[in-house]
Amino acid sequence: SLKVGGMSESVAYPVLVGWAFQGFGSWTFGRGRSIVACLILYTVWTFLSMLQAVDSWLAWNHVVEFLKTLLPFLVGVTMLKTEKEARTLLWVIVLMQAYVCLDMNRTYLEGYNRVSREGFGGLDNNSYGISLVPALGAALGLFLAADRRWRKVLFGLVTLLIMHTVLLTFSRGAFVGLMAAAIMALVILPKRPKYIGAVLLTAAIGAYFTGPELKERLGTTFAAEDERDGSAESRLRLWADMGTVISERPIFGVGSFNWSLIAERFGWPRGKEGHSLWVQTAAENGLPGVSFLLLFYGLTIIRLWPIARRRSPDVDERMAMTATGIIVALVGFAASAQFVSVRGLELPYYITMISVVFLKVRTVAVPVRATMAARQPVPALRPVLRLPGRPDPAADRPGLATVDRSR
(Lines give C-alpha, C1' and ligand atoms only; values in the text may rest on other atoms or scores of the structure.)
Protein backbone atom coordinates (compact mmCIF):
# COMPACT_ATOMS: atom_id res chain seq x y z
CA SER A 1 0.00 0.00 0.00
CA LEU A 2 2.99 2.32 0.49
CA LYS A 3 4.07 1.77 -3.14
CA VAL A 4 7.71 1.42 -2.14
CA GLY A 5 9.77 -0.02 -5.01
CA GLY A 6 11.41 -3.38 -4.44
CA MET A 7 9.59 -4.19 -1.20
CA SER A 8 8.33 -7.53 -2.53
CA GLU A 9 11.86 -8.57 -3.44
CA SER A 10 13.24 -7.41 -0.10
CA VAL A 11 10.77 -9.69 1.67
CA ALA A 12 10.76 -12.58 -0.79
CA TYR A 13 14.44 -13.40 -1.15
CA PRO A 14 15.25 -13.84 2.56
CA VAL A 15 12.06 -15.89 3.02
CA LEU A 16 12.89 -18.20 0.11
CA VAL A 17 16.53 -18.57 1.16
CA GLY A 18 15.43 -19.41 4.71
CA TRP A 19 12.92 -21.89 3.28
CA ALA A 20 15.73 -23.57 1.36
CA PHE A 21 17.91 -23.78 4.49
CA GLN A 22 15.00 -25.52 6.22
CA GLY A 23 14.93 -28.17 3.49
CA PHE A 24 11.78 -26.65 1.98
CA GLY A 25 9.74 -27.85 4.94
CA SER A 26 7.45 -30.87 5.06
CA TRP A 27 5.47 -31.79 1.94
CA THR A 28 3.17 -34.17 3.78
CA PHE A 29 -0.22 -32.47 3.61
CA GLY A 30 -2.57 -35.25 4.64
CA ARG A 31 -6.16 -34.41 3.68
CA GLY A 32 -4.97 -31.06 2.35
CA ARG A 33 -2.83 -32.48 -0.45
CA SER A 34 -5.60 -32.29 -3.07
CA ILE A 35 -6.07 -28.60 -2.26
CA VAL A 36 -2.37 -27.87 -2.77
CA ALA A 37 -2.41 -29.96 -5.97
CA CYS A 38 -5.29 -27.90 -7.39
CA LEU A 39 -3.41 -24.63 -6.86
CA ILE A 40 -0.26 -26.03 -8.50
CA LEU A 41 -2.32 -27.38 -11.41
CA TYR A 42 -3.99 -23.99 -11.79
CA THR A 43 -0.56 -22.35 -12.02
CA VAL A 44 0.62 -24.92 -14.58
CA TRP A 45 -2.54 -24.36 -16.64
CA THR A 46 -2.06 -20.58 -16.68
CA PHE A 47 1.44 -21.23 -18.01
CA LEU A 48 0.10 -23.50 -20.77
CA SER A 49 -2.54 -20.90 -21.56
CA MET A 50 0.22 -18.30 -21.84
CA LEU A 51 1.94 -20.31 -24.59
CA GLN A 52 -0.97 -19.75 -26.99
CA ALA A 53 -2.30 -16.42 -25.66
CA VAL A 54 -3.24 -13.47 -27.81
CA ASP A 55 -0.39 -11.56 -26.14
CA SER A 56 1.99 -14.08 -24.57
CA TRP A 57 4.13 -11.42 -22.90
CA LEU A 58 1.15 -9.97 -21.05
CA ALA A 59 0.06 -13.45 -19.95
CA TRP A 60 3.61 -14.24 -18.81
CA ASN A 61 3.58 -11.17 -16.57
CA HIS A 62 0.48 -12.60 -14.89
CA VAL A 63 2.24 -15.91 -14.30
CA VAL A 64 5.16 -14.10 -12.67
CA GLU A 65 2.81 -12.01 -10.53
CA PHE A 66 0.92 -15.10 -9.42
CA LEU A 67 4.16 -16.72 -8.27
CA LYS A 68 4.26 -13.97 -5.61
CA THR A 69 1.16 -15.63 -4.16
CA LEU A 70 1.97 -19.28 -4.89
CA LEU A 71 5.46 -19.28 -3.34
CA PRO A 72 4.41 -17.77 0.04
CA PHE A 73 1.49 -20.21 0.02
CA LEU A 74 3.90 -23.15 -0.38
CA VAL A 75 6.21 -21.74 2.28
CA GLY A 76 3.28 -21.54 4.69
CA VAL A 77 1.84 -25.01 4.12
CA THR A 78 5.27 -26.65 4.36
CA MET A 79 6.68 -24.71 7.31
CA LEU A 80 3.72 -24.25 9.69
CA LYS A 81 3.60 -27.32 11.92
CA THR A 82 0.95 -26.81 14.62
CA GLU A 83 -2.59 -25.53 15.02
CA LYS A 84 -1.24 -22.83 17.32
CA GLU A 85 1.09 -21.50 14.61
CA ALA A 86 -1.70 -21.50 12.02
CA ARG A 87 -4.15 -19.80 14.38
CA THR A 88 -1.53 -17.19 15.28
CA LEU A 89 -1.11 -16.35 11.59
CA LEU A 90 -4.89 -16.03 11.29
CA TRP A 91 -4.81 -13.62 14.24
CA VAL A 92 -2.17 -11.53 12.46
CA ILE A 93 -4.15 -11.41 9.19
CA VAL A 94 -7.41 -10.39 10.87
CA LEU A 95 -5.88 -7.81 13.22
CA MET A 96 -3.88 -6.14 10.44
CA GLN A 97 -7.02 -5.89 8.30
CA ALA A 98 -8.79 -4.40 11.31
CA TYR A 99 -6.02 -1.82 11.72
CA VAL A 100 -6.59 -0.54 8.19
CA CYS A 101 -10.35 -0.55 8.76
CA LEU A 102 -9.86 1.49 11.93
CA ASP A 103 -8.06 4.17 9.93
CA MET A 104 -10.75 4.12 7.24
CA ASN A 105 -13.41 4.67 9.88
CA ARG A 106 -11.37 7.49 11.39
CA THR A 107 -11.26 9.37 8.08
CA TYR A 108 -15.00 8.72 7.62
CA LEU A 109 -15.80 10.27 11.01
CA GLU A 110 -13.66 13.26 10.04
CA GLY A 111 -15.95 13.84 7.06
CA TYR A 112 -14.13 12.09 4.19
CA ASN A 113 -15.09 8.57 3.06
CA ARG A 114 -11.65 7.60 1.84
CA VAL A 115 -12.41 3.91 1.30
CA SER A 116 -15.32 4.70 -1.04
CA ARG A 117 -13.50 7.35 -3.08
CA GLU A 118 -9.95 5.95 -3.14
CA GLY A 119 -10.06 2.32 -2.06
CA PHE A 120 -6.81 1.06 -0.55
CA GLY A 121 -3.52 -0.54 -1.58
CA GLY A 122 -4.06 -0.15 -5.31
CA LEU A 123 -7.62 -1.56 -5.09
CA ASP A 124 -10.70 0.48 -5.88
CA ASN A 125 -13.65 0.58 -3.49
CA ASN A 126 -15.28 -2.55 -4.97
CA SER A 127 -12.15 -4.69 -4.94
CA TYR A 128 -11.14 -3.57 -1.48
CA GLY A 129 -14.65 -4.19 -0.13
CA ILE A 130 -14.54 -7.72 -1.52
CA SER A 131 -11.09 -8.26 0.00
CA LEU A 132 -12.60 -7.55 3.44
CA VAL A 133 -15.34 -10.18 3.13
CA PRO A 134 -13.03 -13.18 3.83
CA ALA A 135 -11.39 -11.19 6.62
CA LEU A 136 -14.84 -10.68 8.16
CA GLY A 137 -15.59 -14.41 8.07
CA ALA A 138 -12.25 -15.23 9.69
CA ALA A 139 -12.86 -12.60 12.38
CA LEU A 140 -16.29 -14.09 13.10
CA GLY A 141 -14.72 -17.52 13.48
CA LEU A 142 -12.11 -16.21 15.92
CA PHE A 143 -14.86 -14.43 17.87
CA LEU A 144 -16.89 -17.64 18.21
CA ALA A 145 -13.75 -19.65 19.05
CA ALA A 146 -12.48 -17.24 21.71
CA ASP A 147 -12.06 -18.99 25.07
CA ARG A 148 -11.31 -15.88 27.10
CA ARG A 149 -13.46 -12.82 27.67
CA TRP A 150 -10.91 -10.27 26.42
CA ARG A 151 -10.51 -12.25 23.19
CA LYS A 152 -14.27 -12.43 22.77
CA VAL A 153 -14.55 -8.65 23.19
CA LEU A 154 -11.57 -7.97 20.92
CA PHE A 155 -12.75 -10.07 17.98
CA GLY A 156 -16.35 -9.00 18.46
CA LEU A 157 -15.27 -5.38 17.96
CA VAL A 158 -13.00 -6.38 15.07
CA THR A 159 -15.88 -8.17 13.33
CA LEU A 160 -18.13 -5.10 13.61
CA LEU A 161 -15.31 -2.79 12.52
CA ILE A 162 -14.56 -4.80 9.37
CA MET A 163 -18.26 -5.12 8.54
CA HIS A 164 -18.81 -1.36 8.83
CA THR A 165 -15.85 -0.71 6.55
CA VAL A 166 -17.35 -3.07 3.96
CA LEU A 167 -20.55 -1.00 4.10
CA LEU A 168 -18.55 2.21 3.67
CA THR A 169 -17.21 0.95 0.33
CA PHE A 170 -20.75 1.12 -1.17
CA SER A 171 -19.87 -2.07 -3.07
CA ARG A 172 -22.82 -4.19 -4.14
CA GLY A 173 -20.60 -7.19 -4.77
CA ALA A 174 -19.16 -6.98 -1.26
CA PHE A 175 -22.64 -6.67 0.22
CA VAL A 176 -23.79 -9.75 -1.68
CA GLY A 177 -20.77 -11.53 -0.19
CA LEU A 178 -21.88 -10.42 3.29
CA MET A 179 -25.35 -11.86 2.70
CA ALA A 180 -23.90 -15.15 1.44
CA ALA A 181 -21.59 -15.32 4.47
CA ALA A 182 -24.50 -14.69 6.86
CA ILE A 183 -26.61 -17.42 5.24
CA MET A 184 -23.73 -19.90 5.40
CA ALA A 185 -23.14 -19.05 9.06
CA LEU A 186 -26.79 -19.79 9.88
CA VAL A 187 -26.58 -23.09 7.98
CA ILE A 188 -23.35 -24.42 9.46
CA LEU A 189 -23.47 -23.18 13.05
CA PRO A 190 -25.08 -25.33 15.77
CA LYS A 191 -28.69 -24.31 16.27
CA ARG A 192 -28.09 -22.87 19.71
CA PRO A 193 -29.20 -19.43 20.91
CA LYS A 194 -25.67 -18.12 21.55
CA TYR A 195 -24.52 -18.88 17.98
CA ILE A 196 -27.65 -17.90 16.10
CA GLY A 197 -28.02 -14.82 18.27
CA ALA A 198 -24.47 -13.69 17.47
CA VAL A 199 -25.07 -13.96 13.70
CA LEU A 200 -28.48 -12.28 13.83
CA LEU A 201 -27.15 -9.46 16.02
CA THR A 202 -24.27 -8.87 13.61
CA ALA A 203 -26.67 -8.87 10.65
CA ALA A 204 -29.03 -6.45 12.43
CA ILE A 205 -26.17 -4.04 13.17
CA GLY A 206 -25.07 -4.27 9.54
CA ALA A 207 -28.59 -3.53 8.29
CA TYR A 208 -28.84 -0.56 10.65
CA PHE A 209 -25.61 1.00 9.40
CA THR A 210 -26.36 0.43 5.71
CA GLY A 211 -26.54 3.93 4.26
CA PRO A 212 -29.14 5.21 1.78
CA GLU A 213 -26.65 5.27 -1.13
CA LEU A 214 -25.84 1.59 -0.74
CA LYS A 215 -29.51 0.70 -0.30
CA GLU A 216 -30.34 2.50 -3.53
CA ARG A 217 -27.59 0.65 -5.43
CA LEU A 218 -28.64 -2.68 -3.94
CA GLY A 219 -32.19 -2.11 -5.14
CA THR A 220 -31.03 -2.34 -8.76
CA THR A 221 -28.85 -5.42 -8.40
CA PHE A 222 -31.60 -7.97 -8.91
CA ALA A 223 -34.13 -5.68 -10.53
CA ALA A 224 -35.93 -6.26 -13.81
CA GLU A 225 -34.12 -5.39 -17.05
CA ASP A 226 -35.82 -2.01 -17.47
CA GLU A 227 -35.04 -1.03 -13.85
CA ARG A 228 -31.35 -1.93 -13.67
CA ASP A 229 -28.72 0.81 -13.58
CA GLY A 230 -25.96 0.98 -16.18
CA SER A 231 -23.42 -0.82 -14.02
CA ALA A 232 -25.61 -3.87 -13.34
CA GLU A 233 -26.72 -4.08 -16.98
CA SER A 234 -23.17 -3.85 -18.32
CA ARG A 235 -22.02 -6.73 -16.12
CA LEU A 236 -24.62 -9.04 -17.64
CA ARG A 237 -23.55 -8.03 -21.14
CA LEU A 238 -19.91 -8.57 -20.23
CA TRP A 239 -20.58 -12.06 -18.90
CA ALA A 240 -22.50 -12.94 -22.05
CA ASP A 241 -19.64 -11.75 -24.27
CA MET A 242 -17.09 -13.69 -22.23
CA GLY A 243 -19.36 -16.71 -22.54
CA THR A 244 -18.92 -16.40 -26.30
CA VAL A 245 -15.14 -16.45 -25.85
CA ILE A 246 -15.41 -19.52 -23.62
CA SER A 247 -17.40 -21.37 -26.26
CA GLU A 248 -14.78 -20.47 -28.90
CA ARG A 249 -11.68 -21.36 -26.83
CA PRO A 250 -12.84 -23.65 -24.00
CA ILE A 251 -9.53 -25.39 -23.24
CA PHE A 252 -6.86 -22.72 -22.82
CA GLY A 253 -8.82 -19.50 -23.28
CA VAL A 254 -7.23 -16.34 -24.68
CA GLY A 255 -4.51 -16.06 -22.02
CA SER A 256 -4.29 -14.34 -18.66
CA PHE A 257 -5.05 -10.60 -18.77
CA ASN A 258 -5.87 -10.94 -22.46
CA TRP A 259 -9.63 -10.42 -22.28
CA SER A 260 -9.01 -6.68 -22.06
CA LEU A 261 -7.19 -6.89 -25.42
CA ILE A 262 -10.12 -8.44 -27.28
CA ALA A 263 -12.90 -6.52 -25.50
CA GLU A 264 -13.01 -4.11 -28.47
CA ARG A 265 -14.31 -6.96 -30.60
CA PHE A 266 -17.56 -6.86 -28.59
CA GLY A 267 -17.86 -3.09 -28.51
CA TRP A 268 -16.17 -2.48 -25.15
CA PRO A 269 -13.30 -0.02 -24.70
CA ARG A 270 -9.81 -1.51 -24.79
CA GLY A 271 -8.72 -2.52 -21.30
CA LYS A 272 -12.24 -3.33 -20.07
CA GLU A 273 -12.24 -5.85 -17.21
CA GLY A 274 -14.75 -8.70 -17.08
CA HIS A 275 -16.10 -7.87 -13.58
CA SER A 276 -16.26 -11.54 -12.57
CA LEU A 277 -13.35 -13.57 -11.30
CA TRP A 278 -14.91 -16.88 -12.30
CA VAL A 279 -16.22 -15.95 -15.75
CA GLN A 280 -13.10 -14.00 -16.71
CA THR A 281 -10.82 -16.82 -15.53
CA ALA A 282 -12.78 -19.25 -17.70
CA ALA A 283 -12.45 -16.92 -20.69
CA GLU A 284 -8.73 -16.32 -20.17
CA ASN A 285 -7.52 -19.71 -18.88
CA GLY A 286 -10.19 -22.07 -20.19
CA LEU A 287 -12.64 -24.30 -18.38
CA PRO A 288 -9.90 -26.54 -16.89
CA GLY A 289 -8.18 -23.46 -15.43
CA VAL A 290 -11.29 -22.12 -13.69
CA SER A 291 -12.16 -25.67 -12.58
CA PHE A 292 -8.81 -26.01 -10.77
CA LEU A 293 -9.39 -22.66 -9.06
CA LEU A 294 -12.95 -23.54 -8.02
CA LEU A 295 -11.79 -26.93 -6.72
CA PHE A 296 -9.05 -25.19 -4.74
CA TYR A 297 -11.67 -23.36 -2.69
CA GLY A 298 -14.41 -25.98 -2.94
CA LEU A 299 -12.29 -28.83 -1.62
CA THR A 300 -11.21 -26.63 1.29
CA ILE A 301 -14.83 -26.15 2.29
CA ILE A 302 -15.58 -29.85 1.87
CA ARG A 303 -12.57 -30.93 3.93
CA LEU A 304 -13.32 -28.45 6.72
CA TRP A 305 -17.03 -29.22 6.85
CA PRO A 306 -16.77 -32.33 9.11
CA ILE A 307 -14.52 -30.37 11.48
CA ALA A 308 -16.96 -27.45 11.64
CA ARG A 309 -19.84 -29.87 12.22
CA ARG A 310 -17.82 -31.83 14.82
CA ARG A 311 -18.18 -35.16 13.07
CA SER A 312 -15.05 -36.39 14.85
CA PRO A 313 -14.88 -36.92 18.64
CA ASP A 314 -11.46 -35.26 18.90
CA VAL A 315 -12.66 -31.89 17.53
CA ASP A 316 -13.04 -29.28 20.25
CA GLU A 317 -15.24 -26.21 20.07
CA ARG A 318 -12.34 -23.86 19.39
CA MET A 319 -11.25 -25.78 16.31
CA ALA A 320 -14.83 -26.22 15.10
CA MET A 321 -15.59 -22.50 15.31
CA THR A 322 -12.32 -21.56 13.58
CA ALA A 323 -13.16 -23.94 10.73
CA THR A 324 -16.66 -22.45 10.60
CA GLY A 325 -15.24 -18.96 10.22
CA ILE A 326 -12.96 -20.06 7.37
CA ILE A 327 -15.87 -21.70 5.53
CA VAL A 328 -17.97 -18.56 5.97
CA ALA A 329 -15.03 -16.48 4.71
CA LEU A 330 -14.54 -18.54 1.54
CA VAL A 331 -18.27 -18.73 0.72
CA GLY A 332 -18.59 -14.97 1.13
CA PHE A 333 -15.56 -14.40 -1.09
CA ALA A 334 -16.83 -16.81 -3.78
CA ALA A 335 -20.17 -14.98 -3.95
CA SER A 336 -18.69 -11.49 -4.03
CA ALA A 337 -15.96 -12.41 -6.56
CA GLN A 338 -18.70 -13.05 -9.10
CA PHE A 339 -18.98 -9.26 -9.46
CA VAL A 340 -15.31 -8.16 -9.62
CA SER A 341 -12.17 -9.61 -11.29
CA VAL A 342 -10.02 -9.71 -8.15
CA ARG A 343 -7.36 -12.02 -9.62
CA GLY A 344 -4.46 -10.64 -7.60
CA LEU A 345 -6.23 -10.72 -4.24
CA GLU A 346 -3.97 -12.67 -1.86
CA LEU A 347 -6.08 -12.93 1.30
CA PRO A 348 -8.33 -15.87 0.24
CA TYR A 349 -5.24 -17.87 -0.76
CA TYR A 350 -3.62 -17.33 2.63
CA ILE A 351 -6.80 -18.20 4.54
CA THR A 352 -6.95 -21.40 2.48
CA MET A 353 -3.27 -21.97 3.29
CA ILE A 354 -4.14 -21.88 7.01
CA SER A 355 -6.91 -24.40 6.32
CA VAL A 356 -4.42 -26.79 4.71
CA VAL A 357 -2.21 -26.54 7.81
CA PHE A 358 -5.18 -27.40 10.04
CA LEU A 359 -5.99 -30.40 7.85
CA LYS A 360 -2.34 -31.48 7.71
CA VAL A 361 -1.90 -31.32 11.47
CA ARG A 362 -5.12 -33.18 12.19
CA THR A 363 -4.39 -35.89 9.61
CA VAL A 364 -0.98 -36.54 11.15
CA ALA A 365 -2.04 -36.13 14.78
CA VAL A 366 -4.95 -38.58 14.78
CA PRO A 367 -2.95 -41.63 13.57
CA VAL A 368 -0.14 -40.75 15.98
CA ARG A 369 -2.56 -40.71 18.89
CA ALA A 370 -4.04 -44.00 17.76
CA THR A 371 -0.56 -45.52 17.43
CA MET A 372 0.47 -44.31 20.87
CA ALA A 373 -2.70 -45.78 22.35
CA ALA A 374 -1.95 -49.09 20.66
CA ARG A 375 1.55 -49.06 22.13
CA GLN A 376 0.42 -48.66 25.73
CA PRO A 377 1.91 -51.45 27.88
CA VAL A 378 -0.47 -54.39 28.33
CA PRO A 379 -0.04 -56.60 31.41
CA ALA A 380 1.76 -59.73 30.31
CA LEU A 381 -0.15 -62.97 30.58
CA ARG A 382 1.96 -65.63 32.24
CA PRO A 383 1.51 -69.20 31.07
CA VAL A 384 -0.92 -71.12 33.24
CA LEU A 385 -0.35 -74.57 31.73
CA ARG A 386 2.66 -76.76 32.49
CA LEU A 387 3.46 -80.09 31.03
CA PRO A 388 3.22 -82.99 33.49
CA GLY A 389 6.49 -83.84 35.12
CA ARG A 390 8.11 -80.49 34.25
CA PRO A 391 9.35 -78.67 37.34
CA ASP A 392 8.43 -75.08 37.98
CA PRO A 393 11.61 -72.96 37.48
CA ALA A 394 10.51 -70.45 40.07
CA ALA A 395 10.26 -73.15 42.70
CA ASP A 396 13.92 -74.18 42.37
CA ARG A 397 15.56 -70.77 41.84
CA PRO A 398 15.68 -68.40 44.76
CA GLY A 399 14.62 -64.87 44.09
CA LEU A 400 12.00 -65.81 41.49
CA ALA A 401 8.36 -65.44 42.43
CA THR A 402 6.26 -68.52 42.15
CA VAL A 403 3.43 -68.27 39.60
CA ASP A 404 0.04 -68.35 41.27
CA ARG A 405 -1.91 -70.85 39.13
CA SER A 406 -5.09 -70.35 41.07
CA ARG A 407 -5.76 -67.36 38.80
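Trainee: What is the accessible surface of the chain, and how much of it belongs to carbon and sulfur atoms?

Mentor: In this predicted model, the accessible surface of the chain comes to about 20900 Å², and carbon and sulfur atoms account for 64% of that area. Of the 407 residues in the chain, 48% count as buried, and the secondary structure consists of 16 helices and 0 strands.

Trainee: What share of the contacts between residues at least 6 apart in sequence joins residues at least 24 apart?

Mentor: That share is 75% in this chain, where a contact requires heavy atoms within 4.5 Å.

Trainee: How do you know where the predictor is confident and where confidence is lowest?

Mentor: The pLDDT runs from 0 to 100, and on that scale the chain has a mean of 84, with 82% of its residues reaching 70 or more. Confidence is highest in helix 2, at 96, and lowest in helix 16, residues 393-396, at a mean of 48. Over residues 393-403 the pLDDT is below 50, and this stretch has 9 contacts in the model beyond near neighbours in sequence. Residues 378-387 also stay under 50, and for them the model has 6 contacts beyond four places in sequence.

Trainee: Which residues make the nonpolar surface patch?

Mentor: The patch, of about 930 Å², is made by Phe 24, Trp 27, Ile 40, Val 44, Phe 47, Leu 48, Leu 51, Trp 57, Trp 60 and Val 64. Helix 2 (33-51) and helix 3 (56-79) are the elements that give two or more residues to it, and helix 2 gives the most, with 5 residues.

Trainee: Why is Leu 48 called partly exposed?

Mentor: Leu 48, which has its place in helix 2, has a relative accessibility of 31%; partly exposed covers the range between the 20% limit for buried and the 50% limit for exposed, so Leu 48 counts as partly exposed. A patch residue needs over 30% relative accessible area, and the 31% of Leu 48 is therefore enough on that criterion.

Trainee: What makes Lys 68 and Glu 65 a salt bridge?

Mentor: Their side chains meet with N to O at 3.3 Å, and the rule asks for a side-chain nitrogen of Lys or Arg within 4 Å of a carboxyl oxygen of Asp or Glu, so the pair qualifies. The two residues are 3 apart in helix 3, and are therefore separated by about one helical turn. Lys 68 is partly exposed at 39%, and Glu 65 is partly exposed as well, at 46%.

Trainee: How many salt bridges does the rule give, and which residues are linked in a network?

Mentor: The count comes to 12, and Asp 103, Arg 106, Glu 110, Arg 114 and Glu 118 are linked in a network of salt bridges. Within it, the side chains of Arg 106 and Glu 110 meet at 3.1 Å, N to O. Arg 106, at 40%, is partly exposed, whereas Glu 110 has 57%, which is over the 50% limit, and so counts as exposed.

Trainee: What makes the phi of Phe 170 worth a remark?

Mentor: Most residues other than glycine have a negative phi. Phe 170, however, has a positive value near 55°, and lies in the loop between helix 7 (149-168) and helix 8 (172-188). At 16% relative accessibility, under the 20% limit, Phe 170 is therefore called buried. His 275 also has a positive phi, of about 55°, although it is not a glycine, and has its place in the loop between helix 12 (259-262) and helix 13 (277-308). With a relative accessible area of 23%, His 275 is above the 20% limit and so is partly exposed.

Key:
Residues numbered from 1 in each chain as written. Predicted model: local features only at pLDDT ≥ 70, side-chain atom pairs only at ≥ 80, totals over all residues. Heavy atoms only, no water. Patch = residues over 30% accessible without salt bridge, like charges linked within 9 Å, V, L, I, M, F, W, Y side chains within 5 Å. Areas by Shrake-Rupley, 256 points an atom, 1.4 Å probe, with all protein chains shown as cover. Helix = DSSP H or I, 4+ residues; strand = E, 2+ residues; numbered from the N terminus. Buried < 20%, exposed > 50% of the residue type's maximum accessible area, 1.4 Å probe, protein only.
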